Amino acid sequence: MGNDVALEEAGARIGALPYVYGRRRMKAGGGAPQKFIPLPQTRRGWDRTGGIACVESVLRYAGFDFDTREDLLHDQLCTSDAEGATLWPIVQFLSQVRHADETRERMMVGMMDNISVEELKEHLADGRPVICLLQAWRDGEPKLKRGHDYTNDWEHGHFAVAVGYDEQNVYFMDPAVSGNYTYVPYGPDPATSELDKRWHAMDPDYGECDHTGLILTICRAEYDPSLFFKML
């Protein structure tokens, strides 16, 4: 009885129990990528911090400390809370970040427009992940269930890091998803290729971004997902 009373009082403090999570029905698929760069998965805190989560993943892959938190990166990367992270602050931050005892940066960042899917695959094959700004996760529309055509959609910009590919898909470290990577199919014809039709967005500072990517040459990748660390 005592436990029941305690639970009832706790429920009164935090609201109705239980909290029911919505179910997003996503199509699983893809396969074993021919090339895969094992960036750690990071989940965004809210829908405007996907760019920060991508930077978190890149930093951890490059061997920076565990304390690469969203709240600590926010002021470095966001021009405003309403817009979230934008391209230029990400480029500037990643181009300059280094360990206190190092004299050289750990990575080089190049921003390019009009990257073809074949060029994207070449970067991935050479071990260079690419932060992409594309259309994704359009919520609340019946068309989503049938597969939304993002060709003329500029309202659902989303940061994700391209990390691999096979003959049909490009794979992403996607900060909108917990626990899994995502993929987008591509094809030889840009007019019908889903990745080509999605790969555009508006950046508050840069303007229209068409097949824009931040190409990351990481000089020393130290992330090893097989390691276990003693809790401090």
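## His158 and its surroundings

Apart from its neighbours within four places in sequence, His158 is in contact (heavy atoms within 4.5 Å) with Arg44, Cys132, Leu133, Leu134, Ala136, Trp137, Asp174, Pro175 and Ala176. This is a predicted model, in which local features need pLDDT of at least 70 and side-chain atom pairs count only at pLDDT 80 or more, while totals for chains, interfaces and linings use all residues. Residues are numbered from 1 along each chain as its sequence is written, and side-chain values use heavy atoms, with hydrogens and water left out.

His158 is found in strand E6; strands (E, at least two residues) and helices (H or I, at least four residues) are DSSP runs, numbered from the N terminus. The side chain of His158 is joined to that of Asp174 by a polar contact of 2.7 Å. A polar contact is a pair of N or O atoms within 3.5 Å; within protein, one must be able to donate a hydrogen and the other to accept it, and residues adjacent in sequence count only if both atoms are side-chain atoms.

### The chain as a whole

The protein chain has seven helices and 11 strands, and of its 232 residues 42% are buried, where buried means under 20% relative accessible area, exposed over 50%, and partly exposed in between (1.4 Å probe, protein chains only). Among contacts in the protein chain with a separation of 6 or more, 64% are between residues 24 or more positions apart.

### Strand E11 and the cysteines

Strand E11 (residues 213-218) is largely enclosed by the rest of the structure, because five of its six residues are buried. Strands count as paired if DSSP finds at least two bridges between them. Strand E4 (residues 107-112) runs antiparallel to E11 and is joined to it by six bridges, with Met112 having Gly213 as its bridge partner in E11. Strand E5 (residues 130-135) also pairs with E11 in the antiparallel sense, over three bridges, and there Ile131 has Leu214 as its bridge partner.

How many disulfides does a search of the whole structure find? The search finds zero, with a disulfide taken as a pair of cysteine sulfur atoms within 2.5 Å.

| Residue | Relative accessible area and class |
|---|---|
| Cys209 | 0%, buried |
| Ser193 | 2%, buried |
| His158 | 5%, buried |
| His148 | 15%, buried |
| Arg48 | 40%, partly exposed |
| Cys219 | 48%, partly exposed |

In helix H5 (residues 117-125), the buried residues are Val117, Leu120, Lys121, His123 and Leu124. Viewed down the axis of H5, these buried residues fall within an arc of 160°, so they line one face of the helix; the arc is that of the directions from the helix axis to the C-beta atoms. They pack against strand E1 (35-36), E5, strand E6 (157-165), strand E7 (169-173), H7 and E11. After H5 comes Gly127, which has a positive phi, near 85°.

Helix H3 (residues 70-77) has Glu70, Leu73 and Leu77 as its buried residues. Seen down the axis of H3, they fall within an arc of 70°, so they too line one face of their helix.

### Two loops

Ser193 lies in the loop that runs between strand E8 (182-185) and helix H7 (194-198). Its side chain makes a polar contact of 2.9 Å with the side chain of Asp196, and a polar atom of the Ser193 side chain lies 3.2 Å from the backbone nitrogen of Gly187. Not counting residues up to four places away in sequence, Ser193 touches Pro185, Tyr186 and Gly187.

His148 is located in the loop between helix H6 (143-146) and E6. The side chain of His148 makes polar contacts with the side chain of Arg138, at 2.9 Å, and with the side chain of Asp153, at 3.3 Å. Along the chain His148 and Arg198 are 50 residues apart, and 9.9 Å separates their C-alpha atoms.
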